[in-house]
Protein chains: 2
Amino acid sequence: MRISELSAEAGVPVATIKYYLREKLLPEGLRTSPTQAAYGAVHVQRLRVIRALVESGVSIAETRKVIAALNAPPSSPYELLAVAHAAVAPEVEEGIDTSAALDLFVRLGGNLERYDATQLAVLARALRTVERSGFSLPPEVLDAYVVAARQIAEAETAGIPTESRDSVVRYVVLGTVMAEPVILALRRMAEQVVAAEHFGGRAESA
Amino acid sequence: MRISELSAEAGVPVATIKYYLREKLLPEGLRTSPTQAAYGAVHVQRLRVIRALVESGVSIAETRKVIAALNAPPSSPYELLAVAHAAVAPEVEEGIDTSAALDLFVRLGGNLERYDATQLAVLARALRTVERSGFSLPPEVLDAYVVAARQIAEAETAGIPTESRDSVVRYVVLGTVMAEPVILALRRMAEQVVAAEHFGGRAESA
């Protein structure tokens, strides 16, 4: 199909498609003339993934890394997960104290001979930011986060599809990023539900 | 204390403090002369909160709303939570289909006569973004998210401090925002731990 048809099919403006082509997020179409190229189903699917990532607040640079992981998946789901996480990990300055994060890693069931230094630093920074604000997470609350994270990960891992390598890649890479806003929104909603039960509150209808 | 002393005490540059004053994030000091003002412990504490929010990626506009909630807390923890959530909620276009989100709200134990339309729309958009990407969350995984969100909220609600109104405000407002990066980092770490158990993977030391 032509770029105008691709635009209609994927619901993405032609100018945006051209931008993604320049940014190498989208593979070039098959040249049919010096000024025309043909696009296929792979372009439609890829456009949907790009839009989803960008709409989730993932930057163009991060999206490029995720797309690279989709293009050249490493060998096991474990390594793929590490690539996906690295792609969307915020930059963390070196030399951050990771002792509290390492403790949580062990409580999650982690093996000290196999940990991801980047993720450890990301967690360490999140903990430090909380601490610096003068706010402290009660130990019971942190315990609940650890238990919940482990339960979530077990359900997600059990759900990894087995029908094709491509489906594994999509599940792991997209699941990592795309589910985050769902989890955070559910937590906030649950906080309101539980707070309403405990403290009451003004009834509110849309 | 003078602004230079406030800067040293809170570890925030003078220029940044002046910016926060202009942006009305920080209350004015007590004027001691046309060019000088005196600052106190409240300014130090407030500066720490602002830094924490900004470091967590909260925008200046959102930070202003959270600070407003800290200044003028509503009556119950339930309403305070709604204010804190509204302050940090992304903007969602009107008219989004909230039926799937409403279903999850009910599964969280929510009362249909008392729901927060904004949070419902935020969840609906997160679900729609996942769907549009062509990725679908398996029902078992979504179930795990619901259970985990409820458990987290129960631990958080049980941990609401009772010693003072100010501590309630800080706990609810900061806890909502500041814990999110911790929860997301723990989930990613748990995914790696569980994936390593299930699929193995290359040993990695820092």
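**Figure 1. Contacts of Leu123(B) in the predicted model**. Apart from neighbours within four places in sequence, Leu123(B) is in contact with Ala185(A), Leu186(A), Met189(A), Ala101(B) and Leu104(B); two residues are in contact if their C-beta atoms, placed from the backbone, lie within 7 Å. Leu123(A) and Leu123(B) touch the most other members of the largest nonpolar core, which has 133 residues. This core draws at least three residues from each of domain 1 (1-55) and domain 2 (56-199) of chain A. A nonpolar core is a set of buried Ala, Val, Leu, Ile, Met, Phe, Trp, Tyr and Cys residues joined through C-beta atoms within 7 Å. A residue is buried if 20 or more other C-beta atoms lie within 10 Å of its own, exposed if 12 or fewer, and partly exposed in between, with C-beta atoms placed from the backbone. Residues are numbered from 1 along each chain as its sequence is written, and chains are lettered from A, and ligands numbered from 1, in the order in which they are written. In this predicted model, local features need pLDDT of at least 70 and side-chain atom pairs count only at pLDDT 80 or more, while totals for chains, interfaces and linings use all residues.

**Figure 2. The side of chain A that touches chain B**. Here 87 residues of chain A are in contact with 86 residues of chain B. Helix 9 of chain A gives the most to this side, with 25 residues. Helices (H or I, at least four residues) are DSSP runs, numbered from the N terminus. By class, the side of chain A that touches chain B has 47 nonpolar, 21 polar and 19 charged residues. Ala, Val, Leu, Ile, Met, Phe, Trp, Tyr, Cys and Pro count as nonpolar, Asp, Glu, Lys and Arg as charged, and the others, Gly among them, as polar.

**Figure 3. Two sides of helix 4 of chain A**. Thr63(A), Val66(A), Ile67(A), Ala69(A) and Leu70(A) are buried in this helix. They cover an arc of only 155° around the axis, which puts them on the same side of helix 4 of chain A; the arc is that of the directions from the helix axis to the C-beta atoms. On the other side, Ala61(A) and Asn71(A) are exposed.

**Figure 4. Helix 5 of chain B (residues 77-88)**. Of the 12 residues in helix 5 of chain B, 11 are buried, including Pro77(B), Tyr78(B) and Val88(B).

Notes
Domain bounds come from an automatic or database domain assignment. The expected span of a helix is 1.5 Å times one less than its number of residues.
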